[in-house]
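Please read it with the coordinates open.

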Amino acid sequence: MTVYATITSMSVDTTVAPSVRESPCCLPRQIKRADRERAVDVATAARALADPVRVEILGLLREADGQVCQCELHPLFEISQPTLSHHLRKLADAELIDVERRGKWAYYSINDMALEVLRSWLS
């Protein structure tokens, strides 16, 4: 069976739609562009806090007086030590917490400057 198609000429409307600035629905106004560096910082922190275990860790560190050893954190979670280390590393990579190594132990504390980025953005 042979099928033949017939091509006919079509007309295409090439007029350009009005731009947003020319739109009759809104009066012209100036909107400032978002701070890209701040947006990256907030997004990095948000990704790090996208896991409930990390949110819990951050909460524990916020309530602690000073630095907390990883050996103190491990009994509080029903996860393996390598998994806890993974979560702590994600928080440290996002600069939400600080890490101080003493021999084979790691001590963690809140990075107040990083939390301030989140506080100021949310307020």
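1. Basis. This is a predicted model, so local features need pLDDT of at least 70 and side-chain atom pairs count only at pLDDT 80 or more, while totals for chains, interfaces and linings use all residues. Residues are numbered from 1 along each chain as its sequence is written, and side-chain values use heavy atoms, with hydrogens and water left out.

2. Fold. The protein chain has five helices and three strands. Their order along the sequence is α-α-β-α-α-β-β-α. Helices (H or I, at least four residues) and strands (E, at least two) are DSSP runs, numbered from the N terminus. Of the 123 residues, 24% count as buried. Buried means under 20% relative accessible area, exposed means over 50%, and partly exposed lies in between (1.4 Å probe, protein chains only). Among contacts with a separation of 6 or more, 52% join residues 24 or more positions apart. Contact here means heavy atoms within 4.5 Å.

3. Core. The largest nonpolar core has 22 residues. Such a core is a set of buried Ala, Val, Leu, Ile, Met, Phe, Trp, Tyr and Cys residues joined through side-chain atoms within 4.5 Å. Ile57, Leu61, Leu88, Leu96 and Ile97 have the most contacts inside it. At least two core residues come from each of α1, α2 (52-63), α4 (81-93), β3 (105-110) and α5. Helix α2 gives the largest share, four residues. In soluble globular proteins, nonpolar side chains tend to be buried together.

4. Isoleucine 97. Neighbours within four places in sequence are left aside here. Isoleucine 97 then contacts Leu58, Leu61, Leu88, Leu91, Ala92, Tyr108, Ser109, Ile110 and Asn111.

5. Helices α2 and α4. The two pack at an angle of about 70°, with axes 10 Å apart. That makes α2 roughly perpendicular to α4. Axes are lines fitted to C-alpha atoms, for helices over the stretch in contact, and angles run from 0 to 180 degrees between N-to-C directions. Under 35 degrees counts as roughly parallel, over 145 as roughly antiparallel, 65 to 115 as roughly perpendicular, and the rest as oblique. Val53, Arg54 and Ile57 of α2 meet Leu84, His86, His87, Leu88, Lys90 and Leu91 of α4. These residues divide into five nonpolar, two polar and two charged. Ala, Val, Leu, Ile, Met, Phe, Trp, Tyr, Cys and Pro count as nonpolar, Asp, Glu, Lys and Arg as charged, and the others, Gly among them, as polar.

6. Helices α1 and α5. Helix α1 (residues 36-48) packs on helix α5 (residues 112-122) at about 110°, with axes 10 Å apart. The pair is therefore roughly perpendicular. The contact involves Arg38, Asp41, Val42 and Ala45 of α1 and Val117, Leu118, Ser120 and Trp121 of α5. Five of these residues are nonpolar, one is polar and two are charged.

7. Alanine 114 and glutamate 95. Alanine 114 is found in α5. Alanine 114 is buried, at 14% relative accessible area. Beyond residues up to four places away in sequence, alanine 114 touches Glu95 and Leu96. Alanine 114 and aspartate 41 are 73 residues apart in sequence and 8.4 Å apart, C-alpha to C-alpha. Glutamate 95 lies in the loop between α4 and β2 (97-102) and is exposed, at 54%. Check its phi: near 60°, a positive value in a residue other than glycine.

8. Helix α3. Is glutamine 70 buried or exposed? Glutamine 70, in α3, counts as buried at 11% relative accessibility. Its side chain makes a polar contact with the side chain of serine 85 (2.7 Å). A polar contact is a pair of N or O atoms within 3.5 Å; within protein, one must be able to donate a hydrogen and the other to accept it, and residues adjacent in sequence count only if both atoms are side-chain atoms. Glutamate 72 is also in α3 (residues 70-73) and is partly exposed, at 46%. The side chain of glutamate 72 reaches the backbone nitrogen of cysteine 69 at 2.9 Å.

9. Serine 109. This residue of strand β3 is buried, at 16% relative accessible area. Leaving aside neighbours within four places in sequence, serine 109 contacts Gly66, Gln67, Ile97 and Asp98.
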